[in-house]
Amino acid sequence: MLVSYNWLQDYIDLGGVTPEELADKITNSGIEVEHIVYPGEGLKGIVVGKVESCAQHPEAEKLHLCQVNLGTETVQIVCGAPNVAAGQKVPVATVGARIANNVKIKRAKLRGEISNGMICSLDELGFDHNFVPKEYADGIYVFDDEVPVGADALPYLNLDDAILDLDILVNSAHCMNMIGVAYEVGAILDRPIQLKKPVVAESDQLASEKISVSVDAEQMVPYYGARVMNGIKVAPAPRWMQLRLIAAGVRPISNVVDVSNYVMLEYGQPLHTFDFDQFGSNHVLVRFAGDHEEITTLDGQLRKLTDEDLLITNGKKGVAVAGVMGGENTEVSSDTENVLLEAAVFDPISIRKTAARLQLRSDASSRYEKGLDRNRVALAADRAAELLIQYAHATVLKGIVEAGERTVAEHQIMMPWQKINQVLGSEFAREQIVGILERLNFKVNVEGEIMQVSVPARRFDVTIPEDLVEEVGRIYGYNHIPATLPEGTSSHASLTPYQKIRRRVEGLMNGMGLSQAYTYSLTSKESASSYAVSNKGIEPTQVIWPMSEEHAALRQSIVPQLINVAQYHLNRQMPDIKFYEIGKVFLPVKGEARPAEEEHLAGIITGKRTERNWEGDPDTVDFFSVKGIVETLFDSLGVANHITYSPSKREGMHPGQTADILLNGEVIGYIGALHPRVQKNCGLNETFVFEVAIESLLRHGEAAIEYHGLPRFPSTTRDIALVVKRTVAAADLDRVIRENGTPLLKSVQLFDVYEGSHVAADEKSMAFSLVYFDPERTLTDDEVNVVHEKIVSACAEQLGAELRG
């Protein structure tokens, strides 16, 4: 919520309180002021000038020679604006002045003619072009006639203002309007606020003779009111209103539209104006839309509705999506003469669902979503009618045609007044508590120890005694409440076993030289399913209202984001990359709306494995160095004996350098090189990735650590070289050797793989070092030979292995 300091002074005296002090006090009361903007900061030397004459430049078709009266002198200024004309009062940057972006104005010669300054557009004075009124979008700004010549122009452009940006949360929705902020500031400063009740000069003709209102969805529409106004003259809104709308971040359109926006900002009540001549009937019916019913909204888009959406109709067809956006067919235009003004209350949940599904969240819908002051709806309609009479020459028909209850009773809360001290740890006197609540315009009646508080409808967030405790605490100032220690017992907090292991995994990754990354869980629909450990062909979970197309779906793998991280660093001349991330992936469940969440560990490594030094050139990362990182992880968790690897082919991965990781025969991850095509498209060097469903590992638990005494008897080592088909994996040979060497065989280590001469083209030789050992005695050669020959025979029978001669 953008709050104009100057506008706020219409309701409360801010004398002696600077914008910075006010922002600090509001923030301390619980509503954060994110920052303060001074729209005129840096501008100087801008005055009001009057164009005495305007002639064609003799050497340039699109330039004009203007004689401009600055109050103290008349100077010549060359101006290229198409709307400049004699008799206008305009903002002028004099010689030596500073305009937007700290541009200094100097005396210049344009096509042979001297120009002593600049006649300014709003853009040149720092206004956001998106909010500049249409009539001034391509030219200079023109003041009203009553502005004095020679005066400082900044106050007449509202550039002497300060704009406070309030972060309005759900519990502070009562401050989504200027009057609500005025009540809040009045309580904080303990100053009265001045509110004028709208005065509407109505005609004798009854509005009920022109229109009728009925509601078919009474639970969703507790109140609907309509005013009818004739003889409207559509024109630009008054300058002061336009400038206040711009300060609030709203672009002025016309007097009719601007009045409804202005009242929404002032009262917090969204209004909508229909062109009554285009309405199509004399009856307003509010109902649920039919399933697949369509309406073209003001933005020109055809919207398909559901039977959960509220629709404003003329009894037959829709004319507005209730609380969200009006229909194109009843839009107010320059030809509009008669207007139907809507002031209603809609169910917050219904409006939020409709706005989210249609992706049409507006200023109006955001206010309906957070809640409205029911007792202010009719006042807002009257305020709009008052302004339209004054600035659009409207004739207002008598009465508001309505359905539902216009007002609600004030909420009553009863509580012991001492409870406030008990909760806050304070020592407020009863009178002090009553005084703070009355500053908030609450009505308080105390009988003995019980306090009864009447809460006005505008404070729909205050409903229970605890809310009153909060109100007293924040208005008094939490920073003024003395600090006290809570009474009672306390318990020592500690990490769960899962958290302990997870932190150890992080420490292990850091210790192996990988840096931790944090990436978004949201990604594009195209990459959401890429590199998933297990992709069952189910579409990824999509966000109904995404921030952008790049954040439209929940990821099923962390690897795509890590590839983006690697690209980012490589583009900044950092070729050696080692990153990991532990984060959630979201796996769709068939038939369920919500996905299953699973924690994964993923890593990406490319570049040099070691640095160049006196021992030689650096080594580059390869498949086995990355596999070593994963194996070290499994060893640390005590699950290495349950892990196996299997060659696999995965989309986006190198077909010859990719393996699945299996835990007790179930795939829990993979490791491998990115496909050369992917590396080329991403501008990466040879890059390796891994991803593991770490949660299944951590839930698997750690194996108990066993300790053995130092051996008293020697071991025996035998080497064995086996020739097998190239399709036979080393892991299969390792398994057969271990199975047949028990119990004397204690370790197996592959130390050589050979392919080449003296070995057939479709074969390879693998050499293993076998260690035999018995902790109770010294083994004889015969005992070792028996086991060794058993191993050789088993390898020959099961895998077709032959001893290499």
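How many bridges join strand 25 to strand 27, and do they run parallel or antiparallel? Select residues 450–455, which are strand 27: 6 bridges join strand 25 to this strand, and the two run antiparallel. Helices (H or I, at least four residues) and strands (E, at least two) are DSSP runs numbered from the N terminus, and two strands pair if DSSP finds at least two bridges between them.

Before going on: this is a predicted model, where local features need pLDDT of at least 70, side-chain atom pairs count only at pLDDT 80 or more, and totals for chains, interfaces and linings use all residues. Residues are numbered from 1 along each chain as its sequence is written, and side-chain values use heavy atoms, with hydrogens and water left out.

Now bring in the whole sheet: 3 strands, open, antiparallel, in the order 25-27-26. Strand 25 (411–416) and strand 26 (443–447) stand at the edges with a single partner strand each, so one side of each has no neighbour in the sheet. Neighbouring strands are turned by 20° against each other on average, direction ignored. Next, pick residues 430–439: this is helix 10, which packs on the sheet, touches strand 26 and strand 27, and makes about 160° with the direction of strand 26. Contact means heavy atoms within 4.5 Å, by the way. Angles run from 0 to 180 degrees between N-to-C directions, with axes fitted to C-alpha atoms, for helices over the stretch in contact. Helix 11 (residues 465–476) lies across strand 25 and strand 27, at about 80° to strand 25.

Time for some rings. Select tryptophan 7 and tyrosine 262, a stacked aromatic pair, 4.8 Å centre to centre with 10° between the planes. Rings of Phe, Tyr and Trp (its six-membered ring) pair if their centres lie within 6.5 Å; planes under 30 degrees apart count as stacked, over 60 as edge-to-face and the rest as tilted. Tryptophan 7 is in helix 1 (residues 5–8) and tyrosine 262 in helix 5 (residues 255–267), 255 residues apart. Both are buried, where buried means under 20% relative accessible area, exposed over 50% and partly exposed in between (1.4 Å probe, protein chains only). Tryptophan 240 is partly exposed at 32%, as is tyrosine 391 at 25%. Ring pairs link Trp7, Trp240, Tyr262 and Tyr391 into a cluster.
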